[in-house]
Amino acid sequence: MDECKKFSRREVIKIAALAATVPLVGASIGTAQAQKATKAAMQYRDTPNGKQECDNCMQYVPGKSPTANGQCKVVEGSINPKGWCIAYAAKT
Ligand code: SF4
């Protein structure tokens, strides 16, 4: 029991504050892991694979017009609506 008395109130607050930051560190690591894949890693190309193309993929975020390049939720960079990659997933 005497060991409990070794911590001052200030020290206890510091420890509690430090413990509170641990989830934040974990969250930032999670964010880093959520970074997009490179086009090369996903074998991205600017042409469709049959009827499969970014425009009808659930990961695609359209650009300003139907023909303008957009973004992808999982692949980095500018994405051609007529492009394709191995992460293609048809919209449902
Ligand atoms: S996952 Fe691949 S196919 Fe789908 S939008 Fe992204 S780049 Fe295009």
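## Elements and numbering

Helices (H or I, at least four residues) and strands (E, at least two) are DSSP runs, numbered from the N terminus.

Two notes on reading the model: residues are numbered from 1 along each chain as its sequence is written. The model is predicted, and local features need pLDDT of at least 70, side-chain atom pairs count only at pLDDT 80 or more, while totals for chains, interfaces and linings use all residues.

## Burial and contacts overall

How much of the protein counts as buried? A residue is buried if 20 or more other C-beta atoms lie within 10 Å of its own, exposed if 12 or fewer, and partly exposed in between, with C-beta atoms placed from the backbone. By that rule, 13% of the 92 residues are buried.

Two residues are in contact if their C-beta atoms, placed from the backbone, lie within 7 Å. Among contacts in the protein with a separation of 6 or more, 66% are between residues 24 or more positions apart.

## The core and Cys54

In soluble globular proteins, nonpolar side chains tend to be buried together. A nonpolar core is a set of buried Ala, Val, Leu, Ile, Met, Phe, Trp, Tyr and Cys residues joined through C-beta atoms within 7 Å. The largest one here has nine residues: Tyr44, Cys54, Cys57, Tyr60, Cys72, Val75, Ile79, Trp84 and Cys85.

Cys54 sits in the loop between H1 and E1, and it is buried because 25 other C-beta atoms lie within 10 Å. Setting aside neighbours within four places in sequence, Cys54 is in contact with Tyr60, Cys72, Ile79, Asn80, Pro81, Gly83 and Trp84. Tyr60, with residues up to four places away in sequence again left out, touches Cys54, Asp55, Gly70, Cys72 and Ile79.

## Around the ligand

Which residues come nearest to the ligand? They are Cys54, Cys57, Tyr60, Cys72 and Cys85, out of 15 residues around it. Here a residue is near a molecule or strand if its C-beta atom, placed from the backbone, lies within 6 Å of it.

Ala, Val, Leu, Ile, Met, Phe, Trp, Tyr, Cys and Pro count as nonpolar, Asp, Glu, Lys and Arg as charged, and the others, Gly among them, as polar. Sorted this way, the shell around the ligand has 13 nonpolar residues, two polar and no charged.

Now for some residues in the loop between H1 and E1, starting with Thr47. Thr47 is exposed because it has 9 other C-beta atoms within 10 Å. Beyond its neighbours within four places in sequence, Thr47 is in contact with Lys82, Gly83 and Trp84. The C-alpha atoms of Thr47 and Asn80 are 8.1 Å apart, although 33 residues separate them along the chain.

Asn56 lies in the loop between helix H1 (9-33) and strand E1 (60-61). Is Asn56 buried or partly exposed? It is partly exposed, because 14 C-beta neighbours lie inside 10 Å. Not counting residues up to four places away in sequence, Asn56 touches Ala90 and Lys91.

Most residues other than glycine have a negative phi, and most peptide bonds are trans. The phi of Gln43, however, is positive, near 55 degrees. Gln43 is in the loop between H1 and E1 and is exposed, with 11 other C-beta atoms within 10 Å.

Ile86 is exposed as well, because it has 11 C-beta neighbours inside 10 Å. Ile86 touches Met42 and Gln43, not counting residues up to four places away in sequence. From C-alpha to C-alpha, Ile86 and Gln43 are 6.3 Å apart in space, and 43 residues apart in sequence.
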